[in-house]
Amino acid sequence: MSEKRKYEMVVGLETHVELSTKTKIFCSCTTAFGGAPNTHCCPVCTGMPGTLPLLNKKVVEYAVRAGLATHGKINHLCRMDRKNYVYPDLPKAYQISQSDQPISVGGYVELDSGKHIRLHHIHIEEDAGKLVHENGSTYIDYNRGGVPLIEIVSEPDISSPEEAKEYMTKLQILMRYIGVSDCKMQEGSMRCDVNVSLRPWGQKEYGTRAEIKNMNSMNFVVKALNYEYERQADLLDSGEKVTQDTLRYDEETSTTALMRRKEDAQDYRYFPEPDILSFRISDAFIGKVQGGMPELPMAKKKRYLASGISEQIVEDLYKYRRVTDFLDETVRLGGNMQKAATLITGTVYALLATEEDKENFDIPVTPGDFAQLVKYVDDNKVDFTVARKTLQKMVKEGGRLSDYIRASDLEDLPDDVLREYCARAIAERPQAVADFKNGRDSAVTSFYGPVKKQLQGRNINIKQIDAVLRDLLSKM
Amino acid sequence: MKERISRLSALLRAGEISSVELTKKYIAEIERSNPVLNAYVHATFETALAQAEGADKRLKEGHAPLLCGIPMTLKDNISTKGLETTCCSKILENYRPFYDATVWKKLQAEGAVLLGKTNMDEFAMGSTCETSCYGAALNPRDTSRVPGGSSGGGAAAVCAGLAAYAVGSDTGGSIRQPAAFCGIVGLKPTYGAVSRYGLIAYGSSLDQIGPLTASVKDAAIVFDAISGYDARDNTSENVPMPAVTPALGRDVKGLRIGVAEEYFEGIGAEIRAPIERALAFFEANGAKIVRFSLPELKLALPVYYIIACAEASSNLGRYDGIRFGYQAKKYTTVDDMIITVRSEAFGKEVKRRIMLGSYVLSSGYYDAYYKKARSLRERIVGAFSAAFEKCDVMLAPTAPNTAFPLHYSGSNMIETYLSDVCTVPVNIAGVPSVSIPCGTDKAGMPVGMQFIGRKFGEADILNAAYFFEQNGDSGVPEPEGGGQL
Amino acid sequence: MITKQEVEKLAKLSKLRFTDEELESFTREMTEIIEFADTINRNVGGLTSEPESARVMEIDDLREDEVRPSYPNEEILSNAENSNGFFVVRRNCTK
């Protein structure tokens with residue numbers, strides 16, 4: 001769609017991701033969500049005079065993970081800096097962040113098209129508190145103040161609203177995979193600032209950009225970008241200039257509105273945080289973090305596609321780390337990958353209502369039992385439909401596979417037993433027998449059901465049943 | 001007589017006086033003198049008596065630490081749980097922290113008795129104690145003069161016998177200069193030797209807590225009690241710090257005393273002469289005087305003002321009237337409230353330094369000022385390291401002058417700032433320094449000199465200072481309060 | 001040299017309000033101080049980009065991610081105007 005547009009859209013994203021550490025970035029208060037106001041607080045995270053910050057090791061580790069997962073270069077010497085601005089949600093009147101020596105520099109996020117969205121850097125910083133405006137008063141809660149964030153800053157490599165959305169989705173999947181964040185946009189654990197400018201196709205220089213602050217939904221990002229395209233294109237068409245403003249997105253009207261003019265741009269007066277020493281990240285530490293990294297989603301996606309799973313199923317699978325872990329384990333235990341994938345996305349997913357359920361993939365079925373079930377299907381011992389029903393029951397009610405399918409069920413059925421089942425079915429349906437005798441050949445199918453019912457899930461080839469039925473009928 | 005702590009401690013242990021009795025004596029003295037001297041801004045007598053009772057119990061049980069039961073004072077920028085801590089600023093009026101500074105925790109564990117919080121320049125910004133929102137403290141040796149600053153209240157209290165010892169802070173000379181002005185001992189420890197947790201920040205990379213005492217040994221005892229690694233302060237150093245008190249009493253034979261000529265440039269004869277006499281004394285006692293040039297010293301003052309103000313402008317951003325302190329009576333928006341609070345409750349010098357700090361950090365000026373200053377600081381650190389290859393300790397004046405008259409204002413801002421010229425290099429370099437009295441001027445006001453040491457060289461400088469105190473002659477009368485007991 | 005306009009901008013950044021008179025005197029004083037600070041710029045010589053002697057910590061010197069109890073809400077709010085556990089700033093206030 002962007003090809004049809006008159007101008008090329010140039011977009012860069014600054015994505016804030018809340019890290020899922022147990023404690024805040026500079027004190028030992030819990031990061032647990034919720035809690036009565038100002039109960040997850042201490043002198044440090046409420047900025048009491050005289051207090052000093054203590055950097056959380058896990059925050060650095062998670063940021064290194066994020067850097068490695070995006071192919072960034074980890075800085076061997078990192079530093080914290082103060083970003084000074086006054087706002088009631090920021091108790092110290094400065095945010096401890098990083099400017100010159102962030103955790104990770106460069107790297108990229110790969111889109112499905114193979115395009116790389118390059119990253120400028122990833123740094124760590126603290127979140128602000130929450131303000132509630134009510135009855136002419138401002139109520140302040142610092143429970144979220146000091147919760148660790150990473151900010152992932154992209155280069156302006158994104159050229160359409162759709163790419164912006166895909167980039168965010170890919171980031172979200174990636175961060176969840178490596179276990180550093182749950183990236184829930186609706187809860188604010190992932191949000192972004194969007195920089196957007198237009199330029200005539202073929203022009204090298206960037207146009208003047210506007211920044212849309214604090215977007216907490218991918219669909220809003222798409223809508224805001226579409227709106228910004230129209231707004232900026234109108235300005236350029238009429239010979240006016242885009243100004244370097246800061247905007248806010250209005251969900252009601254799907255438009256952007258001026259928040260701050262360029263002239264009022266903040267001067268953050270960054271300088272090195274004197275209360276925290278610079279810290280070294282050794283190759284040994286980077287190696288350790290690298291060693292603990294899972295296979296990354298894009299690699300996994302490519303592997304699944306190569307193994308012949310359909311594109312749609314792969315799309316449904318690869319996003320969820322736990323699902324892929326379950327699938328990979330099933331395959332390792334001998335289950336057929338395609339059949340397993342189909343059962344997961346077809347049957348298990350039907351019982352997982354939300355994205356979160358799929359993300360958690362908390363089902364009472366072990367990969368071992370699941371692999372066994374897939375093997376039964378593969379060996380033609382259990383009918384696929386039966387397998388689906390069994391799996392459904394297991395997911396809903398729990399229990400072991402052996403509770404549902406007995407070993408005796410899987411033994412080959414003696415011929416005389418099958419003949420007995422067939423004979424019983426025939427005996428119960430004289431009308432059908434008459435029809436058959438009168439030349440209506442298809443009447444034989446009406447015995448299939450009653451025979452299968454007696455088989456109770458055993459997978460007997462229908463051709464075999466058909467043959468026995470015809471044999472018995474011919475002898476009548 | 002000068003050694004108060006060990007003497008008082010001996011009396012307490014011997015049961016010749018109880019801590020409660022001793023505390024009451026000090027309280028009486030404070031009630032008598034403080035209305036004039038204004039050394040204390042928040043009395044904590046009830047707390048003191050309760051602590052004294054506790055101390056007496058410990059003393060009876062035996063094995064009480066040296067500081068147990070001894071009445072003392074803290075500068076008003078050291079956080080004390082439940083007790084007013086205001087930095088002598090209107091903006092922190094009625095502020096009672098709900099946590100203790102590490103230093104105060106350590107002293108409480110020793111059984112210290114807190115008589116109150118002492119006067120200081122607002123947020124430790126000044127060298128006269130006159131920017132305090134409670135009015136100036138006076139110099140007990142001449143009440144028409146200032147006690148120096150910013151830890152002026154603590155210096156006055158020790159000098160007038162209103163506390164056995166005081167704990168202050170030194171960002172650019174705030175312990176040493178008032179010690180010099182009041183004729184007592186003041187130690188600025190190595191940066192990282194004493195935890196800053198709970199010290200209300202002025203210039204975070206320069207601030208350091210230290211003792212103001214009547215004698216060198218007292219300073220050593222207090223330093224031993226408050227120093228050491230603190231996991232709550234990332235800038236505190238996790239290195240072995242052997243006690244310095246037992247190291248006192250060595251002779252000075254072979255000690256190399258460095259004299260950097262730049263420290264004496266523009267210093268008048270009244271200050272220079274007693275220091276030269278002290279040098280001759282040391283030489284006569286076997287020390288070697290090494291004279292050299294340290295041109296980097298000339299950079300220290302502008303570098304100090306740039307770095308200290310930059311950090312201060314950021315550190316003081318949090319005073320907005322929302323979580324603690326002064327509240328505005330009338331305002332419209334939240335932003336208006338913050339501006340009103342800060343404009344009404346910060347004093348002029350504080351505002352000036354915040355503005356200057358904002359300036360040197362603002363875009364367009366950062367490289368020329370802050371970044372440059374940081375880089376020059378590095379050079380000063382290097383110059384001190386190099387100097388300590390030539391000598392073991394350095395000797396320098398503590399201040400270019402003796403105590404100013406009250407309300408003295410130089411011909412301009414810079415002249416006022418220049419009075420810090422001798423003290424700030426040590427803070428820039430992060431090394432320790434102790435100021436002791438070495439003589440008097442024509443008016444009989446004390447002159448101070450400082451021994452400067454290597455990082456964690458507290459034992460070296462205190463030993464040199466102790467040697468002079470015990471064997472030399474400063475001609476400075478002992479501070480008050482020695483005789484009352 | 002610093003202009004009155006720059007001082008006004010700094011005041012805004014610093015969340016301070018000055019009367020015209022104060023602005024004048026601050027401009028004068030700051031000009032003085034900045035001229036003094038400029039002595040460092042008359043100093044020529046190589047500049048190191050980053051302090052080399054500055055202390056550096058290793059990863060293991062950082063704080064472990066272990067939760068400790070927070071402070072009681074009453075203490076957190078003990079020095080502030082508050083309501084229902086929140087810090088509060090009332091707008092359009094005349095006390």
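How far apart do the C-alpha centres of domain 1 of chain A and domain 2 of chain A lie? They lie 37 Å apart. Keep in mind that this is a predicted model.

**Domains of chain A**

Chain A is divided into domain 1 (2–286), domain 2 (295–410) and domain 3 (415–474). Domain 1 of chain A touches domain 2 of chain A through six residues, and six residues of domain 2 of chain A take part in turn. Which helix gives the most to the domain 1 side? Helix α2 (residues 161–177) of chain A does, with four residues. By class, this side of domain 1 of chain A has four nonpolar and two charged residues, and no polar ones.

**A helix pair in chain A**

Two packed helices are described by the angle between their axes and the distance between the axes. Take helix α7 (residues 321–332) of chain A and helix α10 (residues 367–378) of chain A. Their axes come within 8 Å. They cross at roughly 60 degrees, which makes α7(A) oblique to α10(A). The crossing of α7(A) and α10(A) is right-handed.

Which residues meet here? From α7(A) come F326(A), E329(A) and T330(A). From α10(A) come P367(A), F370(A), A371(A) and V374(A). Sorted by class, the contact of α7(A) with α10(A) has five nonpolar residues, one polar and one charged.

**Contacts between chains**

The contact of chain B with chain A takes 32 residues from chain B and 25 residues from chain A. On the chain B side, α9 (297–315), α10 (334–345) and α11 (348–361) each supply at least two residues. Of the elements there, α9(B) gives the most, with three residues.

In the other contact, 37 residues of chain C meet 46 residues of chain B. Elements of chain C that give two or more residues are α1 (4–13), α2 (20–37), β3 (86–90) and β4 (93–94). Here α2(C) gives the most, with eight residues.

Methods
Residues are numbered from 1 along each chain as its sequence is written. Chains are lettered from A and ligands numbered from 1 in the order in which they are written. This is a predicted model: local features need pLDDT of at least 70, side-chain atom pairs count only at pLDDT 80 or more; totals for chains, interfaces and linings use all residues. Two residues are in contact if their C-beta atoms, placed from the backbone, lie within 7 Å. Domain bounds come from an automatic or database domain assignment. Ala, Val, Leu, Ile, Met, Phe, Trp, Tyr, Cys and Pro count as nonpolar, Asp, Glu, Lys and Arg as charged, and the others, Gly among them, as polar. Axes are lines fitted to C-alpha atoms, for helices over the stretch in contact, and angles run from 0 to 180 degrees between N-to-C directions. Angles under 35 degrees count as roughly parallel, over 145 as roughly antiparallel, 65 to 115 as roughly perpendicular and the rest as oblique. A crossing is left-handed if the near helix is turned anticlockwise from the far one by less than a right angle, and right-handed if clockwise.
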